[in-house]
Amino acid sequence: MTADEFRELALSFAGATEGQHMRHPDFRAHGKIFATLGYPDATFGMVKLAPDDQANMIKRHPNIFVQVKGAWGLQGSTSVRLAAATPDVLSQALELAWQNSATTSQVKPRKISSRTGNRKSV
C-alpha cells in the first residue's frame with residue numbers, strides 16, 4: 001500500500017476531504033479527523049477507531065496495525081504500517097473510522113446546573 005493508495009481509499013467515503021494537520025495530510029468527515037498520513041514518518045498512516053474496534057483490528061492484523069503510544073492510542077488512534085496494509089483490510093478500518101467520525105460529531109447534550117442556571121456539557 002502506498003500513501004497515494006491510502007489517500008484514494010480515505011477520500012472514497014462520502015463527505016471525506018483532505019486537509020493538513022501538524023504538517024501532515026489529514027482526512028476529515030463530519031467535521032472530524034478520521035485518518036492521517038505521514039506520522040510518525042512517511043511509512044505510516046493512522047485511523048481513528050473506537051477502542052473496541054482498535055483492539056479487534058490489532059488482534060486480527062498485528063502486522064498492519066499498532067496502537068499509537070500515549071493517551072491518543074488509548075482513545076483509538078491506530079497506526080497503519082503502509083507496506084503491510086492491503087486494500088481490503090485498510091478499507092474496513094477506514095470505514096470504521098469514518099463511521100466513528102459521524103457518531104462523535106454529534107453535539108453533546110447539555111444540562112442546566114441547578115445552582116447557577118448555566119448550561120454545561122455532560
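Figure 1. The side chains of D41 and T43 form a polar contact at 2.4 Å. D41 belongs to the loop that connects β3 with β4. With a relative accessibility of 35%, D41 is classed as partly exposed, because this class lies between the limits of 20% for buried and 50% for exposed residues. Although 17 residues separate D41 from H24 along the chain, their C-alpha atoms lie 9.4 Å apart.

**Figure 2. Setting of H24 in strand β2.** H24 has a relative accessibility of 10% and therefore counts as buried, the limit for that class being under 20%. A polar atom of the H24 side chain is placed 3.0 Å from the backbone oxygen of M22. When residues up to four places away in sequence are set aside, the contacts of H24 are with G19, T36, L37, G38 and Y39.

**Figure 3. The largest nonpolar core of the predicted model.** This core comprises 25 residues. The members that touch the most other members are F6, F34, V47, F65, V80, L90 and L94. At least two core residues come from each of α1 (3-10), β2 (24-29), β3 (32-37) and α4 (87-104). Helix α4 provides the largest share, with six residues.

Figure 4. V80 is among the core residues that touch the most other members. Beyond its neighbours within four places in sequence, V80 contacts F6, T43, F44, G45, M46, V47, I64, F65, A85 and L90. Among these partners, F6, V47, F65 and L90 are themselves listed with V80 as core members touching the most others. T43, another contact of V80, is also the residue whose side chain meets that of D41 at 2.4 Å.

**Figure 5. The two sides of helix α1.** F6, L9 and A10 are the buried residues of this helix. Viewed down the axis of α1, the buried residues lie within an arc of 100° and so line one face of the helix. In an α-helix there are 3.6 residues a turn, so residues three or four places apart point the same way. The exposed residues D4 and E8 are carried on the face of α1 turned away from the buried side. F6 also belongs to the largest nonpolar core, to which α1 supplies at least two residues.

**Figure 6. The largest pocket and its lining.** The space in the largest pocket amounts to about 550 Å³. Its lining consists of 16 residues, and those nearest the centre of the pocket are Y39, M46, V68, W72 and S77. Strands β3, β4 (44-48), β5 (65-67) and β6 (77-81) each contribute at least two lining residues.

**Figure 7. Q99 in helix α4 and the chain as a whole.** Q99 has a relative accessible area of 38% and is partly exposed. For orientation, the protein chain contains four helices and eight strands, in the order α-β-β-β-β-α-β-α-β-α-β-β from the N terminus. Of its 122 residues, 34% are buried. Among contacts with a separation of 6 or more, 47% join residues 24 or more positions apart.

Technical notes:
Residues numbered from 1 in each chain as written. Predicted model: local features only at pLDDT ≥ 70, side-chain atom pairs only at ≥ 80, totals over all residues. Heavy atoms only, no water. Core = buried A, V, L, I, M, F, W, Y, C linked by side-chain atoms within 4.5 Å. Buried < 20%, exposed > 50% of the residue type's maximum accessible area, 1.4 Å probe, protein only. Contact = heavy atoms within 4.5 Å. Polar contact = N/O pair within 3.5 Å; in protein donor to acceptor, adjacent residues only side chain to side chain. Arc of directions from axis to C-beta. 1 Å grid on protein atoms, 1.4 Å probe; cavity = no way out; pocket = protein on both sides within 12 Å on 5 of 7 lines; lining within 4 Å. Points joined across faces, edges and corners; volume = space filled by probe spheres on them.
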